[in-house]
Amino acid sequence: MSRPLRAEIDLEALRANLRRVRVVAPRSRVMAVIKANAYGHGLVPVARTLADADGLAVACLDEALALRDAGIDPPILLLEGCLDQAELIEAARQGVSTVVHCEAQLSMLEQTRLTHPITVWLKINTGMNRLGIAPDLARVFHARLAALSAVRTTVLMTHLSSADDRDATVTGRQTGCFDETIAGLGGPQSIANSAAILAHPDTHRDWIRPGIMLYGSSPFPDSVGGDEGLTAVMTLRSALIAIRDCRAGEAVGYGGAWRCPEDMRIGVVAIGYGDGYPRHARPGTPVLINGHRVQLVGRVSMDMITVDLRSLPDAAVGDGAVLWGRGLPIEEVAEGADTISYELFCRLTRRVPMRYRNA
Ligand SMILES: Cc1ncc(COP(=O)(O)O)c(C=O)c1O
């Protein structure tokens with residue numbers, strides 16, 4: 001028998017979440033964000049399933065080329081832009097659009113003879129202070145792009161720092177800055193990530209850029225995917241591989257950091273930080289055994305975790321475990337590990353086999 005751990009990816013849930021995006025923002029085109037191996041869900045299967053999206057956004061050219069190599073031909077956008085001339089030429093050749101977020105990238109575009117036209121997303125920094133040109137440079141950049149015959153279209157974009165705050169103060173400030181900056185400049189606009197799509201409709205504009213909501217997780221700290229009308233795409237499953245009887249006061253796991261409050265059964269589940277389960281998950285973090293909630297106890301080790309089976313007297317070796325997904329929102333597990341669902345998805349390791357359903 002092989003190790004019971006696997007990540008089940010429900011591609012119908014992915015399609016349902018894309019439909020949800022369209023219901024929430026019916027007038028916008030959807031640039032589906034599938035960087036970082038589609039947030040850990042598998043770049044190519046996710047891209048194939050999102051055939052109804054209007055474009056696919058990745059971080060870098062390697063990710064775009066992996067898509068083109070797999071025969072995926074919808075528009076692709078490089079969110080970090082091109083790093084050198086060779087990348088720019090290849091991006092244009094492959095019909096891949098690029099972000100321009102700094103002077104170096106614009107100069108490179110001006111100095112490179114492109115044989116294929118390219119669409120540029122001009123990124124304006126409205127307060128995130130990560131990538132993007134200063135607002136007062138936007139007009140000059142826009143004019144320089146317009147002067148380049150190889151540049152087919154310039155999309156005006158910005159990225160929000162605090163869209164997951166339902167209070168619109170910061171988002172409103174950034175959106176106001178964007179609107180002021182681009183007043184009178186032609187071209188499509190793009191502002192919204194998942195949180196803005198759900199909470200700040202005035203940011204929808206021509207293109208939206210949903211990421212996390214496509215995978216069924218909430219972008220907000222105060223809700224889970226189901227509350228937002230989303231369905232978990234990934235369910236991380238394993239099983240009990242051992243059960244032991246422990247006495248009151250006995251310590252469980254590395255460092256003896258957790259002690260049994262009474263005589264009790266401890267279950268051992270085949271998953272650990274070597275698979276991407278967060279090592280810092282605290283005792284009390286929920287796990288489903290046979291569909292029932294139990295709590296993590298003791299430290300997470302490389303290949304195993306231990307759980308409190310006091311509420312499940314009939315639990316037996318071989319019983320199924322869900323670490324997150326259907327029946328157990330990933331947001332709750334993320335909270336137990338002081339992180340966010342994005343990170344849990346992305347750090348699953350290659351050791352976890354992916355099983356695709358409803359292709
Ligand atoms: C520029 C940009 N747009 C959109 C997204 C999607 O964000 P989210 O996953 O919160 O929807 C990201 C993700 O980090 C991003 O960097």
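**Exercise 1.** Determine which elements are tied together by the salt bridge between the side chains of Glu-103 and Arg-144.

*Solution.* The model is a predicted one. Step 1: the side chains of Glu-103 and Arg-144 meet at 2.9 Å, N to O, and a salt bridge requires a side-chain nitrogen of Lys or Arg within 4 Å of a carboxyl oxygen of Asp or Glu. Step 2: Glu-103 belongs to helix α6 (residues 103-111) and Arg-144 to helix α7 (residues 138-146), so the pair ties together parts that are 41 residues apart in sequence. Step 3: Glu-103, at 38% relative accessibility, counts as partly exposed. Arg-144 also counts as partly exposed, at 22% relative accessibility.

**Exercise 2.** Locate the partners of the salt bridge between Asp-222 and Arg-166, and classify Asp-222 as buried or exposed.

*Solution.* Step 1: these two side chains meet at 3.0 Å, N to O. Step 2: Asp-222 is found in the loop between β9 (207-208) and β10 (234-246), and Arg-166 in the loop between β7 (151-157) and α8 (169-182), so the bridge ties together parts that are 56 residues apart in sequence. Step 3: exposed means over 50% relative accessible area. With 55%, Asp-222 is therefore exposed. Arg-166, at 38% relative accessibility, counts as partly exposed.

**Exercise 3.** Describe the salt bridge between Asp-275 and Arg-3 and name the network in which Asp-275 and Arg-3 are linked.

*Solution.* Step 1: the distance between the side chains of Asp-275 and Arg-3 is 2.9 Å, N to O. Step 2: Asp-275 lies in the loop between β13 (264-269) and β14 (286-289), while Arg-3 lies in the segment before β1 (6-10), so the pair ties together parts that are 272 residues apart in sequence. Step 3: Asp-275 has 0% relative accessibility and counts as buried, whereas Arg-3, at 34%, counts as partly exposed. Step 4: Asp-303 and Arg-351 join Arg-3 and Asp-275 in a network of salt bridges. The structure holds 22 salt bridges.

**Exercise 4.** Explain why the largest nonpolar core lies between domain 1 and domain 2.

*Solution.* Step 1: this core has 108 residues, and those with the most contacts inside it include Ile-34, Tyr-277 and Ile-289. Step 2: helix α1 (residues 11-24) gives the most to the core, with five residues. Step 3: domain 1 (11-221) and domain 2 (234-357) both give residues to the core, so it lies between them. Step 4: apart from this core lies another, of seven residues, among them Cys-246 and Trp-258.

How values were computed. Residues numbered from 1 in each chain as written. Predicted model: local features only at pLDDT ≥ 70, side-chain atom pairs only at ≥ 80, totals over all residues. Heavy atoms only, no water. Core = buried A, V, L, I, M, F, W, Y, C linked by side-chain atoms within 4.5 Å. Buried < 20%, exposed > 50% of the residue type's maximum accessible area, 1.4 Å probe, protein only. Helix = DSSP H or I, 4+ residues; strand = E, 2+ residues; numbered from the N terminus. Domains from an automatic or database assignment.
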